Every structure is written in C-alpha cells, then in structure tokens.
Amino acid sequence: MPFKTLRLIEPLLRAVQAQGYEIPTDIQKLAIPYVLEGKDLLGCAQTGTGKTAAFALPILQRLHESSPAHAPSAPPAATTHAPRGQAQASGPRRPIRALIMTPTRELAAQIGESFRVYGQHTGLKHTVIFGGVKQGPQTQALHRGVDILVATPGRLLDLLNQRVFVLNGVEILVLDEADRMLDMGFIHDIRRVVSQIPTKRQTLMFSATMPKEIRALANTLLHDPVSVKVEADSPAADTVEQSLYFVEMHSKPALLEQLLMQDGQLTRALIFTRTKHGADRVARRLSQADISTEAIHANKSQNARQRALANFKAGKTRVLVASDIAARGLDVDDISHVINYDLPHEAETYVHRIGRTGRAGHQGKAISFCSEEQRDDLHEIERLLGKRIPVLQHSIKAPPPSPKTDGDQGGRPGFQPRGGQRGQRGGGQRGGQRTGGQRGQASPGSQPAGDQPAQAAQPTGSPEQQKDEFWRSRRKRLDLGGWGQKKPRNRGRGGR
Ligand code: AMP
C-alpha cells in the first residue's frame, strides 16, 4: 500500500519520498485516515513504530489545507530553533494552531525535526521548547510566530505563565507518550495547559501502554475517540535477537567490558542502566578501557546530552549509556546492540529499550544482564513477551565478598548463577533456542579488572575450596540460609 493511497497531498508525499519511505507503517495506515477526517484518536503504539509521522503528516495536511497563508510560493518551513541573537522577523504573529506535548527534551527535539522534514514544502512554521536551556531563543521564535509548537510540559507551562504566548488558537492537541508523561508526574501540568486550549479542538493521544490512568485521562480529554493499536512487542519480536546472561551485580562491569572487547559485531551499542550514577559509572569504566563511551541522563546539561547524542549518531562514539528517561524516543539508526546492564522494573520498558535496535527491518541484538535481585523483573518481562529469553553462558569468575558492590542498585552482593543451571538444563533444548556460551563467551579464567572488589581479598586453597568458602561466607554474612534452594517466586507465571 503506497503512501498516496492515504490521500496525502503532494508536498507531503514529496517529503516522505525523499526520506525513502515506501509504504506506511501499521500505525500510519490506521491513524492517518482518521486524523485527516478530524477525529479524536487514542493510539496505542510505542516509539519506533512510525507514530510521529502518523500524527505529523495529517496535522501538516490539515493545517496546510485550511491555512490562509498557504500558496504555491509559500516560503520554506522555518528552522526549529531561533538562531541566537538574531533580530525578530517582522510580519504578523500567527496563532499556534497545533500543540504537541511530549515528556522529554530528546523526544521534543526529534518530533520537531520530523515536522521540519515532513513539512519542508508546506510553508508551515514550527518550533520546539523544552527546559534545561535558556528561554531567550525559544521566546524569540514564539514571538516571530509559529503554526505548530512542540513542547515539554514544564517549560510550556512556565512560558504560558509568563504570558509569552497564548493557546486560544489551538485546533489540534497531541499528547505523545502519555503514559510516560504521567509516570514523570506531569498530570497537573497537562491539565493546566489543556484548560487554556479551546474545547472545540481535535485531540490525539498516543501511549505505549494503556493503564487505567491513561484511559481515565483519555475519557476527560478526548471526544468520541477512535482507538487504534499496534502490538507493543511486534517490532521487537520480529527483528531483535534477544539473549540473557545471569551474572552477579559486581561481575557485570567485567562481562560488559569483555563483550565489547571481543564481539566485533558490537559496533554501536546503547546500554541501559537504572540510575544516573550507574550510567556514569559504566561510562567511566568503559572509557578507562579505551572504549569510546558517553553517558546521557537528566543530570547532564542539555548541551552535553545533545553533543553525546550527535557523537553517537555520527558513529564517533561506539557506546552510549543512558537512563530510560533520557533515551526515551531516541531515534538512532543502526544501533547494533541494546544492552540491558540492569533489567528494568517494568516489563514494558524492556520492550521500549530493545525497540531501539532492529528498526526499519534491520536486524538488531538485545543482550540483558540479570542478577539475582532482578529475577522477578525477568519473570515479568518473559511473561509480557510470552516466551523465554535464551540464556548465554559466561565465565567471569565471581569475586570474593566485599561490602561494596559495583552494581547499580546496591543490592545484595553475589548470587549463585542459577541461570547457568537453566542454560545447561534447558537453554539448548527450548524450541531450538541457542545453547548458551556460543557468543561473547568470556575466556576461561578471565578476571574482573579495574575497580573490582576482587582486589579486596585474595582467596587461598584449591578453586573448589575457594568456591565453597566463598558461598559459605556469603550465606553466613547475608543470613540467607538455604539461599541456593530458595523456591523461585512466580513459578506459575510466564510458564516457568
Ligand atoms: P517513530 O516511531 O516515529 O519514532 O519512528 C521510528 C523510525 O521509523 C524513524 O526513524 C522514522 O524516520 C522511521 N519511519 C517512520 N515512518 C516510516 C515509514 N513509513 N517507512 C520507513 N521508515 C519510517
């Protein structure tokens, strides 16, 4: 089904063609006709499915067709950001006619870029506003007048309160990644903003998940909406090869380093940690090992984040370590690997993360590190996926006990890698899944290096004696009793 069957106008078809898009994605096929009709829409789709174009293209078309300014000789679309220090352009102020609210700066910048690309032949103007940077250039762009505003809720409300602009001309409102905006505590900001928008409008809401809070919000903001849904895990399931290592928290750094050193296919890796400090620690360690790495998270300045992203996109940096929020919506082609250094608490987040690779029909790989304290998270993920993730073996030796762990959660140190047992027991026999230990396998006897707690004490005795002593002392210290025999939780779930 080619794009033109969606009744898109020529300036948009030209832009889409220049991007190399041949056929619309599922969410585009489903959503574009309804949005063109002016219907409210509730879309369940994650980033990576092409949902930005699913709302941007019909919005551009609707505004273009009803714009008094549009004419064949209309000037090209404005730049997304006002150049610093540039004098304000003369000319009438235009009302903001479409508002897109999205949770993060990165996502806002990417949506702005999509409007620039798709709208380049329409003459429509847009700008992007978000926090963490000076507001001057943003207010100048708003003063010059834009048709479309892409914004994060905090800065949007801030500038509204300063009366920099008004929203009484908004005809189309988009809430993008609504679930994430709620997670981030933006609900009150959203309601305050929406209260300043005319009730007679078209509202589109997109969310990767549809918990009851999102449905409740949709009920209050949308009028008789059409619901469209694209399966959350389908892009991941088809094009991303998933695998898993069971590994102690404090052995993760060594395993990660080893994979990056030994796997030549690991050309562009996005690594997820749970915390900002964890991201910094991992980036620091890899940099020390001469692996070009940068980290992005909320504590970094906007400039530093954009620089790191640009380096990663340009292939100057091989590894980008990110927190979930900073990476949300990250749109980088050809990410060869997503590595979950820590498994996320929410199963949906896992699907989001691995959806950063294997895009647009390319193959991608997702490797996860699961430590003892993350086993329940793994159960939930596998339950959502409806299948088990194949287990790979590694031979990173567990270092002796130390009060300090090198993991991201400060969880209890050390665990008997039951995954090893699982891999041996079932990994090779499960539905033709790969047996563990074939890829990225650590060399026998390799030791965690650098800041490993392994440096803290040198064990004595034979390897078997050392191992026995190690687990005996650990169980005693942590008062775990029969830890090894602990009944796995949720055995009934996820087919386990
Ligand atoms: P999104 O879900 O909007 O973040 O889009 C994910 C990626 O898919 C972006 O890199 C888009 O440029 C790309 N994309 C969007 N629509 C299409 C399409 N119809 N064909 C090929 N790639 C697309």
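**Figure 1. V193 in helix α8 of the predicted model****.** V193 belongs to helix α8, which covers residues 187-194. Is V193 buried or exposed? V193 counts as buried because 21 other C-beta atoms lie within 10 Å, and the threshold for that class is 20 or more.

**Figure 2. Contacts of V193****.** Neighbours within four places in sequence are left out here. The remaining contacts of V193 are M101, P153, L156, L157 and L160. L160 is 33 residues away from V193 in sequence. In space, the C-alpha atoms of V193 and L160 are 8.2 Å apart.

**Figure 3. Strand β6 and its two faces****.** Strand β6 runs over residues 202-207. How many of its six residues are buried? Six of the six are, and the strand is mostly covered. In a regular strand, side chains alternate between the two faces of the sheet. In β6, Q202, L204 and F206 point one way. T203, M205 and S207 point the other way. Both sets are buried.

**Figure 4. Pairing of β6 with β1****.** Strand β1 consists of residues 41-44. β1 and β6 pair in the parallel sense, over four bridges. G43 has F206 of β6 as its bridge partner.

**Figure 5. Pairing of β6 with β5****.** Strand β5 consists of residues 172-175. β5 also pairs with β6 in the parallel sense, over four bridges. Opposite V174 stands L204 of β6.

**Figure 6. The shell around the ligand****.** The ligand is surrounded by 14 residues. Y21, T47, G50, T52 and A53 are the closest. Which helix gives the most to this shell? Helix α3, residues 51-65, does, with three residues. By class, the shell holds four nonpolar, seven polar and three charged residues. Domain 1 (3-72 + 90-229) and domain 2 (240-392) each supply at least three residues to the shell.

Figure 7. Of its 496 residues, 47% are buried. Consider contacts between residues at least 6 apart in sequence. Of these, 79% join residues at least 24 apart.

Note on methods: Residues numbered from 1 in each chain as written. Predicted model: local features only at pLDDT ≥ 70, side-chain atom pairs only at ≥ 80, totals over all residues. Buried ≥ 20, exposed ≤ 12 C-beta atoms within 10 Å, placed from the backbone. Contact = placed C-beta atoms within 7 Å. Near = placed C-beta within 6 Å. Nonpolar A, V, L, I, M, F, W, Y, C, P; charged D, E, K, R; others polar. Domains from an automatic or database assignment. Pairing = 2+ DSSP bridges.
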